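Please read this report with the sequence and the model side by side.

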Amino acid sequence: MKIEFWGQEFQVNMVVGCIGGFLIAIMSSMFGFGGGPFMVPLMTVALRLPMYLVVGSSLLAIFFNTSISTMRHYQFGNFDLLFFLAMFPAALLGGYIGPQIAKRVSPLVVKRVACAGLLLLALNLLGVY
Amino acid sequence: MKRKTGIGPWLFAAMVLLFGVNAAGAAEANAPAAASAPTITIDKTELNNGGTIKVSGQAMAGKPVYLEVYAADHAVRANRFDSDVDKDTGKRPYIFYITSEMPAYYKIFVPKDMQAKIDDEAKKKKKWSYSELLKNLGADVAYSVPPKAKIERYQSTLMASVIGSRGDLLPAMDEKENKKRSMQLVKARFRNINNVVAAAIDMKPDGSYTADLKIREGLAPGKYKIVAVVDKQAKSEAATFENKISFPTMYLENAGTSLNLVYPFFLTLVIAIFGVLMGAGGGFIMNPLLVTLFPALPHTIVAGTVTPTVLFSQGSGIFNYSKIKFINWKLGCGIGIAMMVGGFIGPKLTEMITLDQFKFAFGWILVVLAALMLWQTTPGYLAKNKKEQAILKEFKKRAEEASKGK
């Protein structure tokens with residue numbers, strides 16, 4: 001499929017994109033996360049698209065997934081209103097404070113800390129310790 | 001949800017009825033006619049988010065007494081996906097059992113000398129069986145509330161899973177089968193052996209008993225009932241106490257637990273900030289942290305409630321990008337439709353897996369994510385990324401100017 005973005009044309013392999021997106025969507029809706037960190041590498045590496053095209057479009061793709069899975073979770077009675085009300089304002093507030101701090105810290109350090117943190121969390125979940 | 005509101009008034013009516021019976025029962029307690037039935041008295045009728053209740057009474061000499069304690073005001077959902085190989089036929093049944101009438105709290109207290117039997121069952125770790133435990137303890141005579149829960153069962157097929165359905169509703173089960181399945185659901189719901197049984201009763205040779213019942217924190221508010229049971233015929237009247245909780249601890253109706261809401265608030269705040277910094281939605285960290293820190297929360301509720309939380313940050317992100325025309329709608333919608341199909345199937349799978357499977361799979365997802373993050377800090381990637389970011393900034397600037405120029 002050919003797409004045009006800001007005057008440039010790109011050739012996109014939609015088969016790879018859709019299969020990858022489908023699998024990531026199952027996983028992310030099943031476990032309740034967005035899926036951005038998986039979608040962005042899929043689109044940049046597997047589909048060879050430039051970053052500036054991916055940032056917005058991947059968000060749009062994920063939004064489809066999240067809205068449908070929200071609906072489905074609600075349908076299955078997995079949604080708890082009070083719990084949501086406790087987390088939602090905090091998420092909004094965090095989204096507001098986050099970018100202000102982001103200017104002051106090195107993304108490299110953050111990524112490394114995140115990496116270590118994620119590994120620790122993963123090992124905990126896998127029952128290693 | 002609709003169904004719950006429908007049940008509410010009935011529950012209330014039942015409570016009123018039971019209460020009336022209760023009051024009448026108390027008056028009759030002194031009558032000698034009730035000699036075979038055990039008696040029960042409790043030292044207080046109110047708890048503040050858990051605590052200890054002293055129970056005493058008179059049962060039969062030489063026979064163990066059991067205390068069945070359950071939440072009378074709140075019911076929760078329990079579900080289990082049966083994919084274990086059937087011993088007789090060697091096939092996997094793939095039947096999905098679900099009930100919405102499981103008491104929010106259910107525990108049987110047994111005499112202290114049975115502690116060893118509980119420990120034996122606990123040695124099986126995650127494979128402990130509630131039905132065997134009850135049989136070994138002789139406590140199945142006290143097991144009376146969950147079997148009354150209406151259990152629905154669905155025959156799952158691969159096809160049904162693909163279209164995201166629970167499968168075909170099978171005919172209702174008979175009483176015996178319902179009881180057997182309810183035991184499995186008790187385990188699926190309360191998971192830990194210590195949540196459903198405890199050895200706490202002191203028996204005297206003359207048949208009198210005392211017990212300190214520890215009621216844990218984070219339970220549903222409202223009325224709880226305690227029934228002393230010797231055997232199927234010899235049951236005491238229900239003693240009632242009330243568990244009270246106060247803000248910021250609130251009862252989460254769908255999760256079936258009470259939680260101090262301040263904790264998730266601050267947790268989300270910290271995670272959301274960190275999520276922005278590392279460029280990943282907070283859901284990745286939020287879900288595993290919530291299931292580890294609050295083991296009482298079912299993973300289905302965690303996944304189902306975190307998802308809408310990230311929805312709004314995504315929405316605002318899209319809005320901001322679309323203002324400067326930084327989204328390719330064709331590409332986004334194309335892949336988005338494929339993802340929609342995935343998002344349709346995923347939530348059903350959540351309720352089919354157990355917490356342990358959830359943790360296991362999530363563990364590996366996080367390992368992959370950590371690897372991705374590590375890759376993003378390698379020099380090769382950084383050099384490439386620097387270029388990309390420069391282009392990104394340049395394009396963004398152009399886009400912003402273009403949208404302003406209009």
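## Domains and model

The domain assignment of chain B gives domain 1 (2–244) and domain 2 (261–375); domain bounds come from an automatic or database domain assignment. This is a predicted model, in which local features need pLDDT of at least 70, side-chain atom pairs count only at pLDDT 80 or more, and totals for chains, interfaces and linings use all residues. Residues are numbered from 1 along each chain as its sequence is written, while chains are lettered from A and ligands numbered from 1 in the order in which they are written.

In chain B, ten residues of domain 1 are in contact with eight residues of domain 2. Two residues are in contact if their C-beta atoms, placed from the backbone, lie within 7 Å. On the domain 1 side of chain B, β5 (75–82) and α4 (158–162) each supply at least two residues. That side has three nonpolar, four polar and three charged residues. Here Ala, Val, Leu, Ile, Met, Phe, Trp, Tyr, Cys and Pro count as nonpolar, Asp, Glu, Lys and Arg as charged, and the others, Gly among them, as polar.

Chain A is divided into domain 1 (1–79) and domain 2 (80–129). The C-alpha centres of these two domains of chain A lie 21 Å apart. The average pLDDT of chain A is 86, and 98% of the residues score at least 70; pLDDT is the predictor's confidence in each residue, from 0 to 100. Among the elements of chain A, the mean pLDDT is lowest in β1(A), at 74, and highest in α1(A), at 91.

## Chain B and its helix α3

Chain B has twelve helices and 15 strands. Helices (H or I, at least four residues) and strands (E, at least two) are DSSP runs, numbered from the N terminus. Of the 406 residues in chain B, 41% are buried. A residue is buried if 20 or more other C-beta atoms lie within 10 Å of its own, exposed if 12 or fewer, and partly exposed in between, with C-beta atoms placed from the backbone. Among contacts in chain B with a separation of 6 or more, 70% join residues 24 or more positions apart.

Which residues of helix α3 (residues 130–137) of chain B are buried? They are Tyr130(B), Leu133(B), Leu134(B) and Leu137(B). Seen down the axis of α3(B), these residues fall within an arc of 95 degrees, so they line one face of the helix. The arc is that of the directions from the helix axis to the C-beta atoms. The buried residues of α3(B) pack against β7 (106–111), α2 (115–122), α5 (175–190), α6 (193–196) and β10 (197–203) of chain B. Just after α3(B) comes Gly138(B), with a positive phi of about 75 degrees.

## Between the chains

The contact between the chains takes 78 residues from chain A and 86 residues from chain B. On the chain A side, α3(A) gives the most, with 19 residues. By class, the side of chain A that touches chain B has 54 nonpolar, 20 polar and four charged residues.

The largest nonpolar core has 139 residues. A nonpolar core is a set of buried Ala, Val, Leu, Ile, Met, Phe, Trp, Tyr and Cys residues joined through C-beta atoms within 7 Å. Its largest share, eleven residues, comes from α3(A). Residues with the most contacts inside this core include Leu118(A), Tyr66(B) and Phe109(B). Not counting residues up to four places away in sequence, Tyr66(B) touches Ile108(B), Phe109(B), Val110(B), Ala139(B), Val141(B), Ala142(B) and Val229(B).

## Loop residues

Most residues other than glycine have a negative phi. Two exceptions are listed here.

| Residue | Positive phi |
|---|---|
| Arg48(A) | about 55 degrees |
| Tyr94(B) | about 50 degrees |

Arg48(A) is in the loop between α2 and α3 of chain A and is exposed, with 11 other C-beta atoms within 10 Å. Tyr94(B) lies in the loop between β5 and β6 (95–103) of chain B. With 18 C-beta neighbours inside 10 Å, Tyr94(B) is partly exposed.

Ala61(B) sits in the loop between β3 (51–58) and β4 (66–71) of chain B. Ala61(B) and Gly207(B) are 146 residues apart in sequence, yet their C-alpha atoms are 3.7 Å apart in space.
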